[in-house]
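Subject: Structure for you to look at

Hi,

Here is the structure I promised to pass on. Please open it next to these notes.

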Amino acid sequence: MSRVYNFSAGPAMLPEAVLQQAQDEMLDWQGSSGMCVMEMSHRGKEFVSIAEQAEADLRELLNIPTNYKVLFLQGGASTQFAMVPLNLLRGSNQADYLNTGLWSEKAVAEAKKYCQVNVVADGKPSKYTTVPPSTTWKRNSYAAFFHYTPNETINGLEMHSLPEVEIPLVADMSSTILSRPIDVSKFALIYAGAQKNIGPAGLVITIIREDLTDIIMPGTPTMLSYKTHIENGSMYNTPPTYAWYIAGLVFKWLKSLGGLTEMGNRNQRKAEMLYAAIDNSGGFYKNPVDLTYRSWMNVPFALKDDALNDTFLKEAKAAGLVALGGHRSVGGMRASIYNAMPEEGVTALVNFMGDFAQRKG
Ligand SMILES: *Cc1c(COP(=O)(O)O)cnc(C)c1O
């Protein structure tokens, strides 16, 4: 079977060039080690060079300032929901959270175990189709940090500008990191599960301003302290070595394409093409999200008649367009178009959607 265009929200498509290289290096990394990266000691010089190169390339791509640490951790973004309050409350017991979707909700629920969570604004009454204007946010002046989710993967809602706050800003960038340039210096902490836009599941990357890591909540498990991982170069225990290596190949691939400015241009073109197909379908397809907050990465859309959903999915699959089913909480369809989705994949989807609407409309 030839490769399909995989619109899954995560684990998501990886660049074919990366998979090819991993295949070439599977039995004998760089033709000089006689082993697969999976078989290497994480403390040996080969793997240490892989790890260091990956970090250096990520730093270059995101232009990460030197006073930030980059950690390659495990436990997914979901573990960060606990690590953030455990490490960033720093003696306080209050934090601000912006609720923009189902992932924000989960972050809030976890943080409530450790502190008083002040939800500054709640998108739920709008069914997460918009973000309440920042002038209406109810901030808590005692909050130790402000947490938000720039891209809500399930709801397809993305904030295209930064919240302006004067306290440490924390972002769950799982489904938007590396999709365009960002100014890391505006953040106290950024985290992102790898399986959307970085590499294989099993790895989560945290970028943290170093001066914020000194006061940890008493009783914090060793593995949940950023300090532990900073002091040990993310090798306090055995790191997810193969996922780290593949992430490094993805970073090289991004650099070879021209870095994040180029990726941003591509991603914007892809998203505009898909939204245009939805908006110009005469109501056959609909996306519910406020135009200002439409995601470049995850595009949910409903068909005018839900009874057509199964046929749509079946015919799309036959056309090599897979994993288009929407999240169970939203229904309909969702196309995730991360960095590794080529423009041809989106063109193929748009052509299929046009043809389908013509036949069934
Ligand atoms: C996928 C996702 C998560 C959860 O990631 P895990 O690695 O499965 O824990 C959290 N936040 C956002 C925004 C996501 O897209």
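Below are some notes on the ligand site and on one helix.

Before the details: this is a predicted model, in which local features need pLDDT of at least 70 and side-chain atom pairs count only at pLDDT 80 or more, while totals for chains, interfaces and linings use all residues. Residues are numbered from 1 along each chain as its sequence is written, and side-chain values use heavy atoms, with hydrogens and water left out.

The ligand is surrounded by 13 residues, of which S78, T153, D172, Q195 and K196 are the closest (a residue counts if one of its heavy atoms lies within 4 Å). The side chain of S78 has an N or O atom 2.6 Å from a ligand oxygen. D172 places a polar side-chain atom 2.6 Å from a ligand nitrogen, and for Q195 the distance from such an atom to a ligand oxygen is 2.9 Å. The protein buries 87% of the 390 Å² that the ligand exposes when taken alone (Shrake-Rupley areas, 1.4 Å probe).

Two elements give two or more residues to this shell, α3 (76–88) and α5 (194–197); α3 supplies the largest share, 4 residues. Helices here are DSSP runs (H or I) of at least four residues, numbered from the N terminus.

Best wishes

Technical notes:
A polar contact is a pair of N or O atoms within 3.5 Å; within protein, one must be able to donate a hydrogen and the other to accept it, and residues adjacent in sequence count only if both atoms are side-chain atoms.
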